[in-house]
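Student: I am new to this structure. Please walk me through it.

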Amino acid sequence: MPTTSFLTDQDLKDLETLGSVEEYAAKAVILEQSMDCDAVYWMLEGVVQVDFHQLYNNDVLAYLGPGDLFGEMSYLLGGNTSAAVVATQPVKLVRIPFSELAKLVDTRPELAARFYKTLAHTLAGRLRAQIAR
C-alpha cells in the first residue's frame with residue numbers, strides 16, 4: 001500500500017483477493033481523465049504517471065509505484081476520474097471493484113478504519129506535495 005500504510009498483512013491479502021491482477025505495457029493509458037471509474041487500483045510493480053489535461057506533456061502531477069493506490073478519489077467522492085493515469089514502464093496492479101471494496105469495509109470495521117486512515121494519510125501527503133510544487 002502507500003508509503004505509510006496502517007493495513008495489516010492479512011488486510012492486504014484480503015484486498016488482493018477481491019480484485020484481479022492486470023498488466024499494462026509502457027505508455028498504456030490505464031485511466032483517462034474524466035472517465036467513469038468503478039475500481040481502486042493497487043500498484044504491485046512498475047511506475048505510472050498521473051497528470052491533468054494532456055497525457056504526454058510535462059505537467060505531471062505525480063508518479064506512483066509499488067504500494068501506491070489510485071482511483072481512490074472516485075471511490076470516495078463518486079464521479080469521473082480527475083486525472084489521467086499512464087504507465088511509464090510495464091505495470092502490474094490489482095484492480096479492486098468499488099462494489100467489492102464497499103462490501104469488505106462494511107463487514108470488517110477494523111479493516112475499514114485502517115483502510116480509511118491509510119487513504120487519509122495518502123491524500124494528505126499528495127496535497128502537501130502539490131502545495132510544495
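Tutor: Start with a term. On a 1 Å grid over the protein atoms alone, a pocket is an open set of points where a 1.4 Å probe fits, with protein on both sides within 12 Å along at least five of seven lines; lining residues have an atom within 4 Å of a point. Volume is the space filled by probe spheres set on the points. The model is predicted, and local features need pLDDT of at least 70, side-chain atom pairs 80 or more, while totals for chains, interfaces and linings use all residues. Residues are numbered from 1 along each chain, and side-chain values use heavy atoms, without hydrogens or water.

Student: How much space lies in the largest pocket?

Tutor: Its lining counts 23 residues, with Val50, Leu61, Glu72, Met73 and Arg126 closest to the centre. The space in the largest pocket is about 490 Å³.

Student: Which element gives the largest share of the lining of the largest pocket?

Tutor: Elements are DSSP runs numbered from the N terminus: helices are H or I, at least four residues, and strands are E, at least two. Strand 5 (60–64), helix 2 (72–77) and helix 4 (109–132) each give two or more residues. The largest share, six residues, comes from helix 4.

Student: In what order do the four strands of the open sheet run?

Tutor: Two strands pair if DSSP finds at least two bridges between them. Strand 3 and strand 8 pair in the antiparallel sense over six bridges. Strand 1 and strand 6 are the edge strands. The order is 1-8-3-6.

Student: Which residue in strand 8 stands opposite Trp42?

Tutor: Strand 8 covers residues 91–97. Opposite Trp42 stands Val94.
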